[in-house]
Amino acid sequence: MTNPAVVLLASLFLALVLATAAIPKLRRPDEFTGVIANYRLLPSFLVAPFARLLPIVELVCAVALLVPATREPAAWLAAGLFVMFATALAINVGRGRTHIDCGCVRRPTSMSRIGMFHVLRALGLAGISLYAASVPMSLASLSAAAMVMGLASATMLIMLYLAADIMVGLPDSHAHKH
């Protein structure tokens, strides 16, 4: 699967995932600081600086994935971020701390509690990042139709990604009937 259109799709999708995660964190930094603190993985003096830096790194990585000259290193960075996220999630799931908000996508209507879905999703995103990092791509080799299809496909995938995140964050209807 060295088709440049597939690499473009992967890069665009990853950029959209990272941007949709970063922007709400930048808008509500105090809330995101609380999310980071809830993971109980960092010493307290590192929580606020980490919470301020992470969304900036995510956003810079998202933009860099869209620039041909920086796409490959950005994809490697994205892979590292997603492995870090999977590790943090897995540690807390292993501790039985599934009641905490994942902090993946900030929204007022639902809270995305963590579980194996989140761990596996982060690992899947790491895999996509590794693919994007390891397969060379030249925009010159892509037709305009392939670029449009890559953009449309990445947009569709991000909508499915966000819909799945919202569905996982919805309250369990069985829990309210008892």
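Accessible areas here come from the Shrake-Rupley method with a 1.4 Å probe, and for residues only the protein chains shown count as cover. With that in hand, the accessible surface of the protein chain comes to about 9400 Å², and 73% of this surface belongs to carbon and sulfur atoms. This is a predicted model, where local features need pLDDT of at least 70, side-chain atom pairs count only at pLDDT 80 or more, and totals for chains, interfaces and linings use all residues. Residues are numbered from 1 along each chain as its sequence is written, and side-chain values use heavy atoms, with hydrogens and water left out.

Let's start with the fold. The protein chain has seven helices and zero strands (DSSP runs numbered from the N terminus: helices are H or I with at least four residues, strands are E with at least two). Of the 178 residues in the protein chain, 43% are buried (under 20% relative accessible area; exposed is over 50%, partly exposed in between, with a 1.4 Å probe and protein chains only).

Now look for the salt bridges (a side-chain nitrogen of Lys or Arg within 4 Å of a carboxyl oxygen of Asp or Glu). The whole structure holds two of them. In one, E58 pairs with K25, with the closest N and O atoms 3.0 Å apart. E58 sits in helix α3 (residues 44-65) and K25 in helix α1 (residues 4-27), so this pair ties together parts 33 residues apart in sequence. Both E58 and K25 are buried.

R52 and D30 form a salt bridge too, at 3.3 Å from N to O. R52 belongs to helix α3 and D30 to helix α2 (residues 29-39), 22 residues apart. R52 is partly exposed, at 39% relative accessible area, while D30 is exposed, at 60%.
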